[in-house]
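Please read each point with the structure in view.

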Amino acid sequence: MTGLRITVLPGDGIGPEVVAQALAVLDAVAPEVEVDVLDRVNATTFARTGAALTDDDLARIRASDALLLGAIGDPSVRSPDYARGVLLRLRFELDLYVNQRPAVLLHARLSPLRDPARRGIDCVIVRENTEGAYTGIGGTLRKWTPHETAIDADVSTYHGVSRVIEHAFRIARREVCVVDKANAVPFGGELWQRCWREAAGRHPGIATSHLYVDVAAMTLVSDPTRFDVVVASNAHGDILSDVAAAVAGGLGAAPSANLDPATGFGLYEPVHGSAPDIAGTGVANPLGAIASLAMLLADHGHEDQAQAIQTAIRSTVDKRRCTPDLGGALTTEQAAAAVIAELA
Ligand code: ATP
Ligand code: MG
């Protein structure tokens, strides 16, 4: 495919540091990709203007094929309008209903698990990204009284559940494990189960299983190698994807994609946040951002380049040519340079 155009939103904290390195890798593997950098979308601009993501920014993003994002969030901005204004606006306006997080152990030394036979995690957590418990629907009754009651609705729609489960089956290599809590949350649970059976019927070549979320969390730790694709609601997927990232060796190298499979548009970002505690110190691991770029390229007709990046990442981690969080001693820039050297 030719003519790929991406928007890049470096954001805050270590976001710009890791994104700069992802762009260096892009330059090495696919210099023809057109890059539009939105460097005014950050906490500094928000503090000055009160605007998080403008209509003009959104128009530029829509005009591109995909968005690569560093991180949004800054301790100096207390208003929740900032992160919500950027991330939730993008998620809802672009209908990015799939949050996809591969969890792959890059090297045995990074596993927190003692039993070597249990270490080889290589799965994808597919999290529903637009509904569930995170819609903000609800309210508080009898506030400031002893009878105060807070209600957050857990919303499942047939449209929302069936499309995310369908996506899980489409990307599966061998099996889809559907996770819910149908034994305790019956109405949404019944809908998830029905959508699961319908999708399984459409994909007879893919094996399938079901786990309650508590058992799924336990199994991700006790037997992570059994999973291929796990699909879950917004809240369950949020938690399970962090468990999977931890079992796979931590945040620094974990990539993610927020996708609308219907249009093919995606927002790709490292799983970690802005990590203000290490911003400016040069130790931020760039591999999460670089692996997110690889996901972007794989989804947009550059499978070979994506594969080459994955191989290069694995090889640098093997040789400990990486940042301290993965047992190396390199800086952000040196770790990316090591990936680029492997590519060459
Ligand atoms: P945010 O509010 O933007 O999510 P945060 O304070 O939650 O930021 P995270 O970015 O989620 O911070 O990271 C949690 C911790 O993990 C950080 O304090 C940092 O020490 C570590 N960390 C995160 N990302 C990286 C990275 N790329 N390289 C090394 N360490 C990291
Ligand atoms: Mg965080």
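1. Helix axes are lines fitted to C-alpha atoms over the stretch in contact, and the angles between them run from 0 to 180 degrees between N-to-C directions. The model discussed here is predicted.

2. Helix H1 (residues 15-29) packs with helix H11 (residues 332-343) at an angle of about 15°, and their axes are 10 Å apart. Angles under 35 degrees count as roughly parallel, and H1 and H11 are therefore roughly parallel to each other. Their crossing is right-handed.

3. On the H1 side, the contact is made by Glu17, Val18, Gln21, Ala24, Val25, Ala28 and Val29. H11 contributes Thr332, Glu333, Ala336, Val339, Ile340 and Leu343. Sorted by class, this contact of H1 with H11 has nine nonpolar, two polar and two charged residues.

4. Is strand E12 (residues 265-270) mostly covered or mostly uncovered? The strand is mostly covered, with six of its six residues buried. One side presents Phe265, Leu267 and Glu269, the other Gly266, Tyr268 and Pro270, and these are all buried, so that both faces of E12 are covered.

5. E12 pairs with strand E3 (residues 66-71) in the parallel sense, over three bridges. Within this region, Leu67 stands opposite Leu267 in E12.

6. E12 also pairs with strand E11 (residues 255-260), here in the antiparallel sense and over six bridges. Ser256 stands opposite Glu269 in E12. E11 and E12 form a hairpin with four residues between them. In the turn, Gly264 has a positive phi of about 85°.

Technical notes:
Residues are numbered from 1 along each chain as its sequence is written. Chains are lettered from A and ligands numbered from 1 in the order in which they are written. This is a predicted model: local features need pLDDT of at least 70, side-chain atom pairs count only at pLDDT 80 or more; totals for chains, interfaces and linings use all residues. Helices (H or I, at least four residues) and strands (E, at least two) are DSSP runs, numbered from the N terminus. Angles under 35 degrees count as roughly parallel, over 145 as roughly antiparallel, 65 to 115 as roughly perpendicular and the rest as oblique. A crossing is left-handed if the near helix is turned anticlockwise from the far one by less than a right angle, and right-handed if clockwise. Two residues are in contact if their C-beta atoms, placed from the backbone, lie within 7 Å. Ala, Val, Leu, Ile, Met, Phe, Trp, Tyr, Cys and Pro count as nonpolar, Asp, Glu, Lys and Arg as charged, and the others, Gly among them, as polar. A residue is buried if 20 or more other C-beta atoms lie within 10 Å of its own, exposed if 12 or fewer, and partly exposed in between; C-beta atoms are placed from the backbone. Two strands pair if DSSP finds at least two bridges between them.
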